Amino acid sequence: NVSQIGAAFSFSSKEKFMSALPLFHAFGLTAGMILPLLRGCRVFLYPSPLHYRVIPEIIYDRDCTVLFATNTFLSKYAQVAHPYDFYSLKYLVVGAEKLTEDVERLCLDKFGMRVYEGYGATECSPVIAVNTPLAAKRGTVGELLPGIEHRVAPVPGVDTGGVLHVKGANVMLGYLKHDQPGVIQPPESEFGLGWYNTGDVVTTTDSFVKLQARLKRFAKVAGEMVSLELVERIAAAALPNGIHAATSFKDSRRGEVIVLYTQDKLMARDVLQAAAREMGAPELAIPRRIIHVDRIPILGNGKKDYVTLGKMAQELATQSEVSA
């Protein structure tokens with residue numbers, strides 16, 4: 001995977017990596033440590049990505065040229081950084097979660113920097129695709145890295161795109177499961193042995209991959225498949241300065257009910273409806289429930305904690321049933 005990334009980016013031995021991503025995560029381990037070491041580059045390892053004011057200062061002080069981050073972490077760094085803190089950066093790459101338009105615009109306006117969005121999975125070491133200076137397309141996660149085969153399997157209820165399956169030398173050898181101790185069970189999908197089912201719904205155009213949503217990040221509302229990623233995009237378009245997260249719970253009448261958790265107190269259904277009309281999004285993508293919270297739960301790797309949010313939504317469903 002390091003060789004594949006090196007084929008996409010022209011990293012020289014003079015690069016200086018700023019690595020604050022946790023090393024227990026495949027993204028931080030491969031891109032933040034193994035990549036610079038094997039490419040003969042210097043790397044500054046920082047123990048926590050949560051020190052938002054310190055990290056931009058280190059980038060400036062150490063003349064770092066490469067920063068890998070998640071959208072959530074980059075948003076915080078960009079908000080507090082001085083416009084000159086990122087003067088030395090040549091490559092600003094985000095992964096692990098979707099790059100939002102407000103963060104992309106902030107980096108361009110404040111630092112004059114383009115953000116390169118990538119995409120991957122732990123089982124793939126992790127990088128699968130990434131935008132680069134020589135091949136970038138807004139709204140996509142870039143081109144598949146060299147040496148990765150791919151297939152797209154159709155999904156009932158999803159009109160465009162399908163689930164991405166990949167195969168290549170970067171795909172893991174397999175799983176160690178309790179039913180066969182000590183035996184590595186290789187990944188397998190409908191396309192055969194060695195193929196890994198990412199569970200992500202994508203479309204491909206001119207070799208660029210556009211990520212629609214995770215298959216489990218869909219809700220079936222009134223018989224229609226609704227992307228929870230689309231719900232979050234509507235919320236972000238309505239109130240771009242807030243942090244929002246969509247999930248769902250089972251409902252006997254509608255199939256599933258979409259819940260939007262938000263840190264923005266101004267969020268309301270009419271605000272979402274106006275943003276949806278502007279985007280041309282369907283009415284079904286407007287969440288039935290809007291819950292205001294002080295803080296959206298975040299995992300150590302910077303992603304939103306959808307497991308916790310799902311449990312919160314399920315508790316909400318239970319309370320609704322009791323009330324009924």
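**Exercise 1: Ile 291**

Ile 291 lies in strand S20, residues 289-292 (a strand is a DSSP run of E of at least two residues, a helix one of H or I of at least four, both numbered from the N terminus). The model is predicted, so local features need pLDDT of at least 70 and side-chain atom pairs 80 or more, while totals for chains, interfaces and linings use all residues. Residues are numbered from 1 along each chain as its sequence is written, and side-chain values use heavy atoms, without hydrogens and water.

Task: find which residues Ile 291 touches, not counting those up to four places away in sequence.

Solution. 
- Step 1. Contact means heavy atoms within 4.5 Å.
- Step 2. The residues touched by Ile 291 are Val 259, Leu 260, Tyr 261, Thr 262 and Leu 316.
- Step 3. Leu 316 is 25 residues from Ile 291 along the chain, and their C-alpha atoms are separated by 10.0 Å.

**Exercise 2: Glu 15**

Task: decide whether Glu 15 is buried or exposed, and find its side-chain partners in polar contacts.

Solution. 
- Step 1. Glu 15 lies in the loop between helix H1 (2-8) and strand S1 (16-19).
- Step 2. Its relative accessible area is 1%, so Glu 15 is buried (under 20%; exposed is over 50%, partly exposed in between, with a 1.4 Å probe and protein chains only).
- Step 3. A polar contact is a pair of N or O atoms within 3.5 Å; within protein, one must be able to donate a hydrogen and the other to accept it, and residues adjacent in sequence count only if both atoms are side-chain atoms.
- Step 4. The side chain of Glu 15 makes such contacts with those of Thr 65, at 2.6 Å, and Lys 90, at 2.8 Å.
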